[in-house]
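Let's take a walk through a protein model together.

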Amino acid sequence: MHRYANPTLYGRIVDRVRRPAALAGLALILVGLYLGLFVAPPDYQQGESFRIMYVHVPAAWMAMFSYAGLAVSSAVYLIWRHGVADVTAKAIAPAGAAFTAIALVTGSLWGQPMWGTWWVWDARLTSVLLLFFLYLGYMVLRDAFDAPERGAKAAAILAVVGVVNLPIIKFSVDWWNTLHQPATISKLDAPSIHPSMLWPLLAMALGFTLIFVAIVCLRARTELLERRARSLEMQAALGRAE
């Protein structure tokens, strides 16, 4: 792992990964949308409104997956002080916040016709809203200090502490009585969803994942270049002072 802490090597890796990931992710999303909107049959209970799950469910998965990546990167930064881990965490946060916002909005749009309300303060929805605030808190905290290192450390601590929210989101539908339906897809031995609906969902989930990878690679590359530029400016300023 320490080998990849080299910013030059890390930059080469993200350069190679971002374009193929973006193209493959976009292709999978287009396939998933076509199958989900035009091929999958209507749900016997929810009718056509169930099709919003092809955006809502992958976005919700990515919201949690992104936060797990944010927490791991932050922990690596705190323990080993690897700069690229901080770069990765900083790149992940806005993408994770965007996926969480999409999950909240589409969940509200899906919930209104199913539950008769746009929002309810049950355990699943509230814990996902908390996840969104954790992302926002991470991004705000990074810029709350004059010294960037202090901001990065404080934000990393918040990210690591906030990871306790992930199992709460995952198991909230089992631990408490909520309006949100229990897991139907993660039961890999017998997912309670027909294959004609499941395959488009899996294509969308993989497409979202690859788009997330492409976004993080692009943002990480940009951050590396900005840090390099700031370092050169500081060296030039020191040279002029001497």
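Is the crossing of H2 and H3 left-handed or right-handed? It's left-handed. Keep in mind that what you're looking at is a predicted model.

## The big picture

Let's start with the whole chain. The C-alpha trace spans about 75 × 35 × 30 Å along its principal axes.

Of the 242 residues in the chain, 39% are buried. And if you take contacts between residues at least 6 apart in sequence, 75% of them join residues at least 24 apart.

The axes of H2 and H3 cross at roughly 155 degrees and come within 7 Å. Angles over 145 degrees count as roughly antiparallel, and that makes H2 roughly antiparallel to H3.

## The nonpolar cores

How many residues does the largest nonpolar core have? It has 48, and the ones with the most contacts inside it are Met53, Tyr54, Tyr67 and Leu70.

Tyr67 is worth a click. Leaving out residues up to four places away in sequence, Tyr67 touches Leu131, Leu134, Tyr135, Leu158, Ala159, Gly162, Val163 and Leu166.

Is Ser66 buried or exposed? Buried counts as under 20% relative accessible area, and Ser66 is at 0%, so it counts as buried. Skipping residues up to four places away in sequence, Ser66 touches Ile92, Gly96, Phe99, Tyr135 and Phe212. Take Phe99 as one of these partners: Ser66 and Phe99 are 33 residues apart along the chain, with their C-alpha atoms separated by 8.5 Å.

The other serine is Ser127, over in helix H4. Ser127 has a relative accessible area of 5%, so it is buried too. Apart from neighbours within four places in sequence, Ser127 is in contact with Asn165, Ile168, Ile169 and Ser172.

## One face of H6

Which residues of H6 are buried? They are Asn165, Leu166, Ile169, Ser172 and Val173. Look down the axis of H6 and you'll see these buried residues fall within an arc of 145 degrees, so they line one face of the helix. Here's a handy rule for reading that kind of pattern: an α-helix has 3.6 residues a turn, so residues three or four places apart point the same way.

What do the buried residues of H6 pack against? The answer is H2, H4 and H5.

## A loop residue to check

Finally, jump to Arg81, in the loop between H2 and H3. Arg81 isn't a glycine, yet it has a positive phi of about 60 degrees. Is Arg81 buried, partly exposed or exposed? Its relative accessibility is 45%, so Arg81 counts as partly exposed.

Notes
Residues numbered from 1 in each chain as written. Predicted model: local features only at pLDDT ≥ 70, side-chain atom pairs only at ≥ 80, totals over all residues. Heavy atoms only, no water. Buried < 20%, exposed > 50% of the residue type's maximum accessible area, 1.4 Å probe, protein only. Contact = heavy atoms within 4.5 Å. Core = buried A, V, L, I, M, F, W, Y, C linked by side-chain atoms within 4.5 Å. Helix = DSSP H or I, 4+ residues; strand = E, 2+ residues; numbered from the N terminus. Arc of directions from axis to C-beta. Axes fitted to C-alpha atoms, helices over the stretch in contact; angles between N-to-C directions. Parallel < 35°, antiparallel > 145°, perpendicular 65-115°, else oblique. Left-handed = near helix turned anticlockwise from the far one by under 90°.
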